[in-house]
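Hello,

Here is the structure we talked about handing over. My notes on it follow below.

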Amino acid sequence: MGNITAFSCFIFLTFAVFTTARPKSGPDQKCKSGPVDLVFLIDSSRSVRPHEFETMRKFMIDILNTLDIGLDTTRVGVVQYSSKVRSEFFLKTHSKLESMVKAINEIVPLAQGTMTGLAIRYLMNEAFTPGQGDRPKVPNVAVIVTDGRPQDRVAEVAAEAREKGIEIYAVGVARADMTSLRAMASPPFEDHVFLVERFDLIHQFGLQFQDKLCGIDLCLESDHGCEHICESSPGSYTCDCLPGYRLNTDGKTCSAIDLCAEGKHDCQQICTSSPGSFTCDCNQGYHLNNDKKTCSPVDLCAEGKHDCQQVCVYSGPGIFTCDCNDGYRLNEDEKTCSPIDLCAEGKHDCQQVCVYSGPGSFTCDCNEGYRLNGDKKTCSPIDLCAEGKHGCEQVCIYSGPGSFTCDCNEGYRLNGDKKTCSPIDLCAEGKHDCEQVCVNMGPGIFTCDCNKGYRLNEDEKSCSAIDLCAEGKHDCEQLCISAPGVFTCDCNKGFKLNKDKRTCTNMDMCNTVKHGCEYQCVNTPGSFYCVCPEGQLLQEDGKTCGTCKSANIDLVLLIDGSKSVRPQNFELVKKFVNQVVDSLDVSAHGTRVGLVQYSSRVRTEFPLNMYHTAADIKNAVMKVDYMEKGTMTGLALKHMLENSFSEAEGARPASRNIPRVGLVFTDGRSQDDISEYAKKAKEAGITMYAVGVGKAVEDELREIASDPVDKHFYYTTDFTAINTIAENLKLNICPAESQGEVEVKDPCACENMVEFQQGTINTLDLLTEKLAAMASRLEQLENQLLSRK
């Protein structure tokens, strides 16, 4: 605290000699005081003229010459400010007077505004910080030198700086505002606030401060009581006042000289007093002339000092009103103008359309389909059909003023150009109700016919199959199997069809042929099949047995719900799904089944993790509603890949190696591309089965199916035969097999029965030939024996 008091005394005495004229002491004479961290904050705004800034620079150098500069004694920093703040050097930057002086001489003024509050905050946050050389328990002193009013708020930030322990001296020069200086400075103000009339007085102070600081002086060593200035003389002192003040009769205190109150001025209108001086000002609406005394009225319009958008009208000294050009009106803000739009305001006589053609003017026009009459106001409708101004090939229809539509004669349809016509081929477009064959009879006309083996019914639309069996037009011995217009013969259980394809022969297959069953042969009427002991499965050859048991799989079925399937066939599809489910070991930890129906869109009927028993799945399948729209098979494959086999919908993690199987059922060609997602599904490790019925496209089915395609692709022409596919389709997978698919052939299926019967017949023929040869040989031996006797 003693150091703060000592330095405060130094600053006060320094500024107390602003008007004295003593010769400077020798350059080696230094004032010895305690350590102090001192920062000069100097105003370099544009109002500080170059020669005045040089005086300020000299002022700082003169003060530095009186201080004991050093890192352990007095540290000095310099910050200049205008609209921004710039540190010239920090407290830690220089330890010697010479380098400080050099840095001060190199300062370039900023020459902008006066943001004093911003500069004081910079002192707190940057200049007086440990990082920049501020020492703990060492007084912080700031000397602010300014010539103008701050352009920002200083009171609050200065109070904050003082609370942080910074002692502030405010030195105002010339135009400085005393109120602002007092707001910055530390109390008491008589020791910390100084107003200097001219910059050269600062320079004089720099030359004279050393005697006041370091000499033996009664002004320094006694309680002299001088309010402003103590003038020392050997063994005595006298009091004096700062410029603009006069010494009172008590010889110590001072009173400000108010030249305005004393009438000692020549201002025309307003006199503003400062101690010992004054400035002139003018009443509102007038400005001060160059003589700084007289006033002239202000014409804000002529000087362009107004905010009228278009016209400024002079209304007296410092007063104006705004107006607008022709065609514009003044807005409510009484400054800006808006163009007058007679169309928008309804101030016109146009029948239909008013066109804005500039402020306060308009022209008339007509709506589309109308033309402007000679009066340039009213409109008449345009009939393009009547005027022949159309491009219709057959029929032009007036559809309103200036518009028309084209149409065609009966049996023709308008083309995409909306002008020309093409004959309608209802057969080619499928716009007929013929069940089988449509015959085009001309534009918009057709008749129905039937395929071979069918005949046209009385409704002349539908067809009935010709059933030769039912009509008795066949020669089968036992069973007649009908197909439209043709038949084949078959035999009852336990009989086989002979080579004539008409008659039958009884047979016991297990006892009459080499069946090759490893474990047991089981007879069926006219055929047989092999079975294995419990715990083993019949292998791919249909004869041998293996120990591979049913593996767990994640199975997703995609069923076609398009319009072409028809409701009664969709019920057969659901039964087909349930036949597949019956062949699986369904459980939460065994096989999981999910169902997706697709048409023009895709709908998950139930995900893999919804049902855990075959009964629940079958019940859910039978409740599925028929969608009856298009056939977007590609979209269904995408949905299966991205959603159905996700863990969120119940697919088990790939790390568990649970096989993923997809089965696609469709009755027609896809309306979108299937290639991309059929390929991606197989690349993702999904084993894909493709089942087609009716108009299904074989190439698409093969593209969907996994390799080998023949084991993953099934097709039948009729929905009633899909139960056979369900019986032949086995989805259980053995881990030891590379592909995992096991195909179980039904020995009763037609193609397998024919193959088996043909093999049996060939075997019987060979046996017959061998028996005949043996009989011939026996006959020869018998004849030889007889001849020997």
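Where is D667 found? D667 sits in the loop between β42 (660-666) and α14 (675-683). Helices (H or I, at least four residues) and strands (E, at least two) are DSSP runs, numbered from the N terminus.

A word on the source. This is a predicted model, in which local features need pLDDT of at least 70 and side-chain atom pairs count only at pLDDT 80 or more, while totals for chains, interfaces and linings use all residues. Residues are numbered from 1 along each chain as its sequence is written, and side-chain values use heavy atoms, with hydrogens and water left out.

Back to D667. D667 is buried yet has no salt bridge. Buried means under 20% relative accessible area, exposed over 50%, and partly exposed in between (1.4 Å probe, protein chains only). A salt bridge is a side-chain nitrogen of Lys or Arg within 4 Å of a carboxyl oxygen of Asp or Glu. The nearest side chain of opposite charge is R566, 7.8 Å away. (Lys and Arg count as positive, Asp and Glu as negative; His and the chain ends are not counted.) The D667 side chain does reach the backbone nitrogen of V565, at 3.5 Å. Beyond neighbours within four places in sequence, D667 is in contact (heavy atoms within 4.5 Å) with residues including D560, S562, K695 and F719.

Next, helix α12 (residues 614-622). Its buried residues are I617, A620 and V621. They lie on the same side of α12, because they cover an arc of only 100° around the axis. The arc is that of the directions from the helix axis to the C-beta atoms. These buried residues pack against α11 (567-582), β40 (592-598) and β41 (602-606).

Now the charged pairs. The whole structure has 34 salt bridges. One of them joins E52 and R49 (3.5 Å, N to O). E52 counts as buried, at 10% relative accessibility, whereas R49 is partly exposed at 41%. E160 also pairs with R121, with the closest N and O atoms 3.4 Å apart. E160 lies in helix α5 (residues 155-163) and R121 in helix α4 (residues 116-127), so this pair ties together parts that are 39 residues apart in sequence. Salt bridges that share partners also join R246, E262 and K264 into one network.

Finally, the whole chain. The chain has 17 helices and 44 strands. Of its 789 residues, 41% are buried.

Best wishes

Notes: Polar contact = N/O pair within 3.5 Å; in protein donor to acceptor, adjacent residues only side chain to side chain.
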